[in-house]
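My plan was to go from the overall fold to the packing, then to a single residue.

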Amino acid sequence: MSVLTQVLIADDSQPLRSALCKLIEEHPGWVCSEAINGGDAITKIEQLAPDILILGLCMPSMNGLQAARTIRKLLPDLPILLYTTDLPPALVSMAQRCGIQGTVSKFNSGQIVKGIEALLRHQTFFCQN
């Protein structure tokens, strides 16, 4: 029996979520679920118990940093990877204070698999733009 790694992607862009899921599911043993914003991510986390969360930053009703703070209280050990367009040092620092263990720029999507692998090994992964 093989063990699957459940990846949850929370972002308000449906095309982006679909593209990321396709990329992630090319990795053997990884399956992907989607959430449309931070609030939906919290609901899906409670339902699905994912192994890792990929979290967009700019989402309606609850942004990625707000969601990360709430999720940290619920599941302090869930690895969270922030996936956003720009990653200035101030944002990376804020993300770390919210309990996010890794960042990947949308301009460097090829690094997303490496980021997931690092976080699943309980390492950090802060990829620059």
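For contacts I counted heavy atoms within 4.5 Å. On that basis, residues 24 or more positions apart account for 59% of the contacts in the chain with a separation of 6 or more. A reminder to myself: this is a predicted model.

**Fold.** I looked up the secondary structure and got five helices and six strands. Reading along the sequence, I wrote down β-α-β-α-β-α-β-α-β-α-β.

**Overall dimensions.** The C-alpha trace spans about 45 × 30 × 30 Å along its principal axes.

**Surface and charge.** The chain exposes about 6400 Å², and carbon and sulfur atoms supply 56% of that area. Buried residues make up 49% of the 129 in the chain. I also checked the charges: there are 10 positive and 11 negative ones, and their mean positions are 6 Å apart.

**Largest nonpolar core.** Next I went inside. The largest nonpolar core has 23 residues, and those touching the most other members are Leu-53, Leu-55, Leu-65, Ile-71, Ile-80 and Ile-100. Which elements give two or more residues to this core? I listed strands S1 (5–10), S3 (52–56) and S4 (80–84), together with helices H2 (38–48), H3 (64–74) and H4 (89–97). H3 supplies the largest share, four residues.

Leaving out residues up to four places away in sequence, Leu-53 touches Leu-8, Ala-10, Ile-45, Ile-71, Leu-78, Pro-79, Ile-80 and Leu-81.

Last entry: Asp-40, which sits in helix H2. Is Asp-40 buried or exposed? Its relative accessible area is 18%, and the cut-off for buried is under 20%, so I put Asp-40 down as buried. Beyond residues up to four places away in sequence, Asp-40 touches Glu-34 and Ala-35.

Technical notes:
Residues numbered from 1 in each chain as written. Predicted model: local features only at pLDDT ≥ 70, side-chain atom pairs only at ≥ 80, totals over all residues. Heavy atoms only, no water. Core = buried A, V, L, I, M, F, W, Y, C linked by side-chain atoms within 4.5 Å. Buried < 20%, exposed > 50% of the residue type's maximum accessible area, 1.4 Å probe, protein only. Areas by Shrake-Rupley, 256 points an atom, 1.4 Å probe, with all protein chains shown as cover. Lys, Arg positive; Asp, Glu negative; His and termini not counted. Charge placed at Lys NZ, Arg CZ, Asp CG, Glu CD.
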